[in-house]
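Hi,

Here is the structure I promised to pass on. Have a look at it first, and my notes on what turned up follow below.

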Amino acid sequence: MHEELMEEVLEPNNAQVALKAVKRNRGAPGVDGMSTEQLQAHVERYWESIRAKLLTGKWTPSPVKRVEMEKPDGGTRVLGVPTVMDRWIQQMLLQRLQPIFDPGMSEYSYGFRPARSAHDALRAARGYVQAGKTWVVDMDIRAFFDHVHHDILMQRIGRQIRDKRVLRLIGAYLRAGMMGDDGVVLAREEGTPQGGPLSPLLANIYLDALDRELERRGLLFCRYADDCNIYVSSERSAQRVMSSISQWIKRHLRLEVNAAKSAVGRPWERDFLGFRIDRQHRIEAAPKSLTKFKDRVRELWRSCQSASSEQLRTRWRAYMVGWWNYFRLAEQRQPILVLSGWIRRHIRKCFWLRWHGCKGRHNALRRLGLRGRLLKAAYSRRGAWYMARCGSMHTALSNAVLRHYRFVVPSDLVAAT
């Protein structure tokens with residue numbers, strides 16, 4: 001029952017692997033200001049003292065730093081950023097706890113688990129829809145990470161872990177206060193702060209009871225962290241499941257289902273992990289995801305940025321490739337591909353504005369090989385959005401030129417696969 005787990009957590013190889021993981025993930029400093037670059041030297045200098053405190057149960061976590069992140073659908077999500085020391089210790093715990101808990105978790109759970117991904121969840125969901133489960137119970141738990149009940153969670157962990165030092169340490173991380181910009185530390189009596197390496201595993205341990213209840217009822221579902229979709233054959237069944245499971249969650253997990261964000265509907269009406277399953281049972285990017293993508297395109301190709309053309313390209317390429325690596329799962333790609341020309345127009349508009357005035361535009365167009373009447377465009381009084389589609393700009397910054405300089409768009413990435 002893992003009664004001497006702390007010794008395994010502090011095994012030198014586990015500590016080194018955790019140290020590399022924290023450095024690789026980077027991230028902002030916590031309340032003490034220590035960066036990931038400073039962590040290794042600090043650990044090497046104070047390792048014996050740190051190890052002794054952890055073995056004797058005397059390690060005290062620092063408060064987490066409060067950081068607010070904007071949500072794609074509005075509002076903010078509060079993250080708690082631990083110090084890099086505490087991230088390292090949590091990572092060591094994670095590396096020993098995950099092999100203990102993960103093998104016993106549900107096959108219907110996909111979030112933050114080894115060899116599982118959002119894409120696996122979506123493929124499973126598509127399979128349920130293809131099998132005739134064309135109604136979905138889309139459940140969103142209200143502020144899940146803020147309302148995890150500590151006693152329930154620790155009881156579940158305690159069924160597998162008997163080392164009281166590990167249990168006390170996890171409890172200390174759950175109760176670690178949160179420090180705002182004003183330096184005031186607020187105590188935490190419930191919830192697990194998002195931002196630490198251990199939080200996703202703790203969430204899965206907590207919600208495993210929900211998975212087991214859904215399995216006991218013979219329901220088909222996909223859960224990714226606190227995002228859960230249940231697939232049934234009729235609207236009546238869906239309404240019944242929504243009502244009964246909402247009550248079960250409240251009674252057994254002491255959590256509330258967010259009525260404003262949860263609903264019964266068709267898979268082509270409800271978003272899941274940024275995608276939808278359309279009427280032909282194909283996976284497609286959700287409209288909200290495309291709207292968010294277009295907003296990001298506009299932001300990245302604003303002309304008034306203090307960045308070189310190379311920096312603009314590098315930032316864009318990193319974003320575009322990362323976005324495509326996720327949304328390439330879409331089988332219905334036309335809504336994505338049709339944006340390629342629109343994106344190129346934004347790129348051309350950005351450069352037109354950055355060339356500053358008639359003389360700058362004339363010189364830039366000449367450098368790009370334009371001659372004669374094509375150079376007259378430099379003196380146009382038309383707006384930048386209009387000029388971005390004029391013949392001169394399409395010749396100077398043709399699709400081939402943009403591809404040559406690696407200003408990639410979705411159609412380029414599709415062609416490369």
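The salt-bridge count comes to 20, where a salt bridge is a side-chain nitrogen of Lys or Arg within 4 Å of a carboxyl oxygen of Asp or Glu. Bear in mind that this is a predicted model, where local features need pLDDT of at least 70 and side-chain atom pairs count only at pLDDT 80 or more, while totals for chains, interfaces and linings use all residues. Residues are numbered from 1 along each chain as its sequence is written, and side-chain values use heavy atoms, with hydrogens and water left out.

One of the pairs is glutamate 11 with arginine 96, with 3.6 Å between the closest N and O atoms. Glutamate 11 sits in the loop between helix 1 (5–9) and helix 2, and arginine 96 in helix 4, so the pair ties together parts that are 85 residues apart in sequence. (Helices are DSSP runs of H or I, at least four residues, and strands are runs of E, at least two, numbered from the N terminus.) Glutamate 11 is partly exposed at 29% relative accessible area, and arginine 96 is partly exposed at 24%; buried means under 20%, exposed over 50% and partly exposed in between, with a 1.4 Å probe and protein chains only.

Another salt bridge joins glutamate 215 and arginine 212 at 3.0 Å, N to O. Those two are 3 residues apart in helix 9 (residues 199–216), about one helical turn. Aspartate 412 pairs with arginine 403 at 3.6 Å; aspartate 412 is buried at 13%, whereas arginine 403 is partly exposed at 43%. There is also a salt-bridge network linking Glu7, Asp163 and Arg165.

Arginine 361 is buried but has no salt bridge, and the nearest side chain of opposite charge, glutamate 310, is 22 Å away (Lys and Arg count as positive, Asp and Glu as negative; His and the chain ends are not counted). Leaving out residues up to four places away in sequence, arginine 361 touches Trp352, Leu353, Trp355, His356 and Ala378, a contact being heavy atoms within 4.5 Å.

As for the whole protein, there are 19 helices and 10 strands, and buried residues make up 49% of the 417 residues. Of the contacts between residues at least 6 apart in sequence, 73% join residues at least 24 apart.

Cheers
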